[in-house]
Amino acid sequence: MRLLVLGGTHHVGRAVVEAALSRGDDVTTVTRGTSGPPAVGATARTADRTVAGSLEAALRGERWDAVIDTWSGAPSVVRTSARLLADRAGWYGYVSSRSVYAWPIPSGADETAPVVAGDPDDTREEDYAAAKRGGELAALDSFGDRALLARAGLILGPYEYVGRLPWWLERIARGGPTLAPGPPDRPLQYVDARDLAAWMLDEADRGAGGAVDTVSPPGHSTIGELLEACVAVTGSGAELRWSPPDVLADAGISGWTDLPVWVPPTGELASLHDGDTALAASRGLRCRPAPETVTDTWAWLRTEGMPTWTGRSPVGLAPETEAAVLARLRD
């Protein structure tokens, strides 16, 4: 397959490029050249998609069997890209997000849940949900049923530039008593970027389109399994001190950002690990065990370290806040 990846140096884009090259695909990447070197084996081109004419010059009028677009900014950028490629590519895969669903997302929601409003011509990116929905509409407008909208939830694994699992690994690597959000059997729902990449390439082979919530089944892992795997792989001997959700709430600690990956079992955030992903499973999405994701992410961190650019606000709990809650748990 001749594959064009719009992105390709970090997170899902890099996972897509590596998976495609391992399959023997002919891969071309278009990046700004600011977030890492191009993958060895891919044809690398440079363009700033926010600058008029830049992408068109990089494409050089060529054709591809499929395109995978990882853009997370203004929808107008996806609009321009999709229009340029509508007659030059057979299929367009857009890495979207479950954030497109109207908040709060209902428990057990699937692809039929209401979505936010989006504008494919919008040049703004501050509202992430609206931007992703606008990107979806842009892809659909140019490719129709040849467009796949991969509505990913939480994405973990090597090359994760948001820093959720890396934060846990680095915190646990420091050792000592470590605040852990309970209960330990709290189910998690996420996808390893490499599993998402492999699935999107399979969908490209089939020319399959439509919107699909691309995360694991609920309960694929638990916060206990994930954090215990972090302790094991770092060899730090960290002592996980499990805190009830109400103690965390009383301390003003939130899930998702203060304590990444985890969300409390009740409240608006709870549905982030409770989506109905039967469609993705029926279309072949397979998710590897949590310890494998943890082990490989730790190996990547020790080899390359976290990217210096993240594009998002930092995640993780301040040490002094953690110490205060740990002291309360001892009392």
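This is a predicted model: local features need pLDDT of at least 70, side-chain atom pairs count only at pLDDT 80 or more; totals for chains, interfaces and linings use all residues.

Student: Let us begin with helix 7. How many residues does helix 7 have, and what distance does it reach from its first C-alpha to its last?

Tutor: Helix 7 covers residues 223-234, which is twelve residues. From first C-alpha to last it reaches 17 Å, close to the 16 Å expected at 1.5 Å a residue.

Student: Which residues of helix 7 are buried?

Tutor: The general idea comes first. An α-helix has 3.6 residues a turn, so residues three or four places apart point the same way. In helix 7 the buried residues are Ile-223, Gly-224, Leu-226, Leu-227, Ala-229, Cys-230, Val-231 and Thr-234.

Student: What covers the buried residues of helix 7?

Tutor: The cover includes helix 5 (164-173) and helix 10 (290-304), along with strand 8, strand 9, strand 12 and strand 13. Just after the helix, Gly-235 has a positive phi of about 65°.

Student: How should I think about a nonpolar core?

Tutor: In soluble globular proteins, nonpolar side chains tend to be buried together. Here the largest nonpolar core has 42 residues, and those with the most contacts inside it are Trp-168, Ile-172, Leu-226 and Leu-259.

Student: Which element gives the most to this core?

Tutor: Helix 7 does, with six residues. Other elements that give two or more residues include helix 5, strand 8, helix 10 and helix 11 (319-330).

Student: What does Trp-168 touch?

Tutor: Not counting residues up to four places away in sequence, Trp-168 touches Thr-178, Leu-179, Pro-181, Leu-227, Cys-230, Leu-259, Pro-260 and Val-261. Apart from this core lies another, of 30 residues, with Val-17, Ile-68, Ala-193 and Trp-199 among them.

Student: At what angle do helix 5 and helix 10 pack?

Tutor: The angle is about 75°, and the axes are 10 Å apart. Helix 5 is therefore roughly perpendicular to helix 10, as angles of 65 to 115 degrees count as such.

Student: Which residues meet there?

Tutor: From helix 5 come Leu-165, Pro-166, Leu-169, Glu-170 and Ala-173; from helix 10 come Thr-293, Val-294, Thr-297, Trp-298, Trp-300 and Leu-301. The residues of this contact divide into eight nonpolar, two polar and one charged.

Student: What should I look for in the backbone?

Tutor: Most residues other than glycine have a negative phi, and most peptide bonds are trans. His-11 has a positive phi, near 50°, and its place is in helix 1. Val-261 also has a positive phi, near 80°; Val-261 is in the loop between strand 15 and helix 9. With a relative accessibility of 8%, His-11 counts as buried; Val-261, at 0%, counts as buried too.

Student: Where are cis peptide bonds found?

Tutor: One runs from Trp-103 to Pro-104, with omega near -5°; Pro-104 is in the loop between strand 5 and helix 4. Another runs from Gly-182 to Pro-183, with omega near -5°. Pro-183 is in the loop between strand 8 and strand 9.

Note on methods
Residues are numbered from 1 along each chain as its sequence is written. Side-chain values use heavy atoms; hydrogens and water are left out. Helices (H or I, at least four residues) and strands (E, at least two) are DSSP runs, numbered from the N terminus. The expected span of a helix is 1.5 Å times one less than its number of residues. Buried means under 20% relative accessible area, exposed over 50%, partly exposed in between (1.4 Å probe, protein chains only). Contact means heavy atoms within 4.5 Å. A nonpolar core is a set of buried Ala, Val, Leu, Ile, Met, Phe, Trp, Tyr and Cys residues joined through side-chain atoms within 4.5 Å. Axes are lines fitted to C-alpha atoms, for helices over the stretch in contact, and angles run from 0 to 180 degrees between N-to-C directions. Angles under 35 degrees count as roughly parallel, over 145 as roughly antiparallel, 65 to 115 as roughly perpendicular and the rest as oblique. Ala, Val, Leu, Ile, Met, Phe, Trp, Tyr, Cys and Pro count as nonpolar, Asp, Glu, Lys and Arg as charged, and the others, Gly among them, as polar.
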